[in-house]
Amino acid sequence: MTAPWIDGDTSAAALAIAGATGVAFGATLERAGLGSARKLVGQFYGVDLTVFKVMFTAIVVAMLGAFWLGRLGLLELSRVWVPETWIAPQLIGGLVFGVGMATAGLCPGTSCVAAASGRGDGLAVVAGMLCGVLAVGLGFGRLAGLYEATPRGALTVPGWLGVPYGAVVAAVVAIALAGFHVAERIERRP
Amino acid sequence: MRAPRAYADPYLAGAWLGLVLLAVLVVTGRGLGASGAFAAAAAGLTHAVAPDVAQASPYFARYLAGDGPWRDWLVFEIAGVALGGLVSAWAAGRLGGAVERGPRVAAPARLAIGFAGGAVMAVGAVLARGCTSGLALTGGALLSVGAWLFMLAAFAGAYLAAPLLRAVWR
């Protein structure tokens with residue numbers, strides 16, 4: 001049967017998979033050193049580009065896997081949920097998120113890893129995240145205008161540019177490889 | 001005390017992370033996430049204290065519909081993230097590390113700054129409808145335009161803020 005195999009998000013099987021996925025995700029982040037805020041912010045001072053290398057390797061691997069499984073007819077890509085595009089809120093939200101990430105030294109996922117491994121700063125970031133979402137949720141009216149602005153649906157880069165899926169995949173691989181090359185040079189700088 | 005085990009090679013760890021993401025995409029048709037679990041928890045906590053207030057927020061109301069916030073897929077996933085992080089840190093001899101901070105910042109100040117950074121990050125994640133995991137990683141691999149916009153904007157924001165935060169980290 002063509003993948004994806006599980007429908008719905010809240011069946012016992014789906015939630016068991018959610019937990020197992022999380023364990024693998026959290027362990028990988030910890031093993032990469034991304035539960036360490038100092039290592040993570042090293043990215044933004046050009047001294048440790050682990051964040052970039054881990055993220056882009058993961059994106060390339062998953063992107064190539066999804067593309068080829070789709071091409072071979074093993075994965076029905078139309079049934080894979082693609083995060084929707086909302087141009088203004090994602091650009092502004094991204095900027096705000098980036099400022100918060102450089103301040104916190106951790107992102108939402110890695111803050112959970114840091115907290116679970118017993119680091120107080122991880123716990124502080126988790127508490128800050130929770131309070132931040134609480135505040136936004138309670139005062140949502142003020143943000144609703146921006147939140148609902150410029151919807152574009154499940155827009156993908158190939159669809160947007162009118163370029164074949166495979167060509168975009170190849171371009172992302174090329175950009176990532178060039179990026180890794182630059183990252184190694186930046187790290188070796190005296 | 002033994003020295004903690006070295007961190008994994010970033011490309012190897014990245015490849016593992018990509019395979020985890022690919023596996024969950026194939027099995028369930030959805031990707032990873034993190035900030036959504038915080039939103040579900042915030043909705044659930046608000047509902048427990050003041051149900052009317054929670055229902056009145058269009059943002060929280062979504063999480064209260066259906067099976068409710070505590071049966072949310074991402075809540076189970078993030079519990080797994082914490083467990084996986086705990087076990088991995090224990091196995092590598094990294095459990096209970098000190099508060100991570102720059103050399104010029106005292107631990108209490110670092111906790112306050114971390115809290116503030118977390119709150120700011122939450123605002124961005126709500127607006128963008130995701131964070132580094134759910135939007136950047138998952139959407140990036142699926143070539144979502146919004147995911148790539150978010151990723152570029154987040155890196156831009158972090159690089160712009162970093163020089164102002166030198167006193168905190170360097």
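# A tour of chains A and B

11 residues of domain 1 of chain A are in contact with 13 residues of domain 2 of chain A. Start there. This is a predicted model, so keep that in mind at each stop.

**Stop 1: the two domains of chain A**

Colour chain A by domain. Select 1–82 and 162–190 together for domain 1, then 83–155 for domain 2. The C-alpha centres of these two domains of chain A lie 19 Å apart.

Now look at the side of domain 1 of chain A that touches domain 2 of chain A. Which elements give two or more residues to this side? They are α1 and α2 (37–41) of chain A. Of these, α2(A) gives the most, with 4 residues.

**Stop 2**

Some background first. Most residues other than glycine have a negative phi, and most peptide bonds are trans.

Select A:A3 and A:P4. The peptide bond that joins them is cis, with omega near -5 degrees. A:P4 sits in the segment before α1 of chain A.

Next, jump to A:T150. Where is A:T150? Look in the loop between α7 (140–147) and β2 (151–153) of chain A. A:T150 is not a glycine, yet its phi is positive, near 45 degrees. Is A:T150 buried, exposed or partly exposed? Count the other C-beta atoms within 10 Å: there are 13, so A:T150 is partly exposed.

**Stop 3: chain B as a whole**

Chain B has 9 helices and 0 strands. Follow chain B from the N terminus, and the elements run α-α-α-α-α-α-α-α-α. Along its principal axes, the C-alpha trace of chain B spans about 50 × 40 × 35 Å.

Chain B has 170 residues, and 60% of them are buried. Take the contacts in chain B between residues at least 6 apart in sequence: 55% of these join residues at least 24 apart.

**Stop 4: the domains of chain B**

Colour 10–97 of chain B as domain 1 and 99–170 as domain 2. The centres of these domains of chain B, taken over C-alpha atoms, are separated by 17 Å.

**Stop 5: helix α1 of chain B**

Select residues 10–28 of chain B. This is helix α1, with 19 residues. At 1.5 Å a residue, α1(B) should span 27 Å. Check the distance between its end C-alpha atoms: they are 27 Å apart, which agrees.

Now show the buried residues of α1(B); among them are B:W16, B:L17, B:L21 and B:L25. What covers the buried residues of α1(B)? Bring chain A back. The cover includes α1 (12–32) and α3 (50–71) of chain A, together with α7 (132–141) of chain B.

Step just past the end of α1(B). There B:G29 takes a positive phi of about 75 degrees.

**Stop 6: where the chains meet**

Show both chains. 112 residues of chain A are in contact with 110 residues of chain B. On the side of chain A that touches chain B, α1(A) gives the most, with 18 residues. By class, this side of chain A has 73 nonpolar, 29 polar and 10 charged residues.

**Stop 7: into the core**

Select A:A62, A:M63, A:A66, A:V133, B:L21 and B:A122. The largest nonpolar core has 119 residues, and these six touch the most other members.

Zoom in on A:M63. Which residues does A:M63 touch, not counting those up to four places away in sequence? They are A:V169, A:V172, B:A141 and B:L143.

End at B:L143. This residue lies in the loop between α7 and α8 (145–161) of chain B. B:L143 has a positive phi of about 60 degrees, although it is not a glycine. Is B:L143 buried or exposed? It has 23 other C-beta atoms within 10 Å, so B:L143 is buried.

Note on methods: Residues are numbered from 1 along each chain as its sequence is written. Chains are lettered from A and ligands numbered from 1 in the order in which they are written. This is a predicted model: local features need pLDDT of at least 70, side-chain atom pairs count only at pLDDT 80 or more; totals for chains, interfaces and linings use all residues. Domain bounds come from an automatic or database domain assignment. The expected span of a helix is 1.5 Å times one less than its number of residues. A residue is buried if 20 or more other C-beta atoms lie within 10 Å of its own, exposed if 12 or fewer, and partly exposed in between; C-beta atoms are placed from the backbone. Two residues are in contact if their C-beta atoms, placed from the backbone, lie within 7 Å. Ala, Val, Leu, Ile, Met, Phe, Trp, Tyr, Cys and Pro count as nonpolar, Asp, Glu, Lys and Arg as charged, and the others, Gly among them, as polar. A nonpolar core is a set of buried Ala, Val, Leu, Ile, Met, Phe, Trp, Tyr and Cys residues joined through C-beta atoms within 7 Å.
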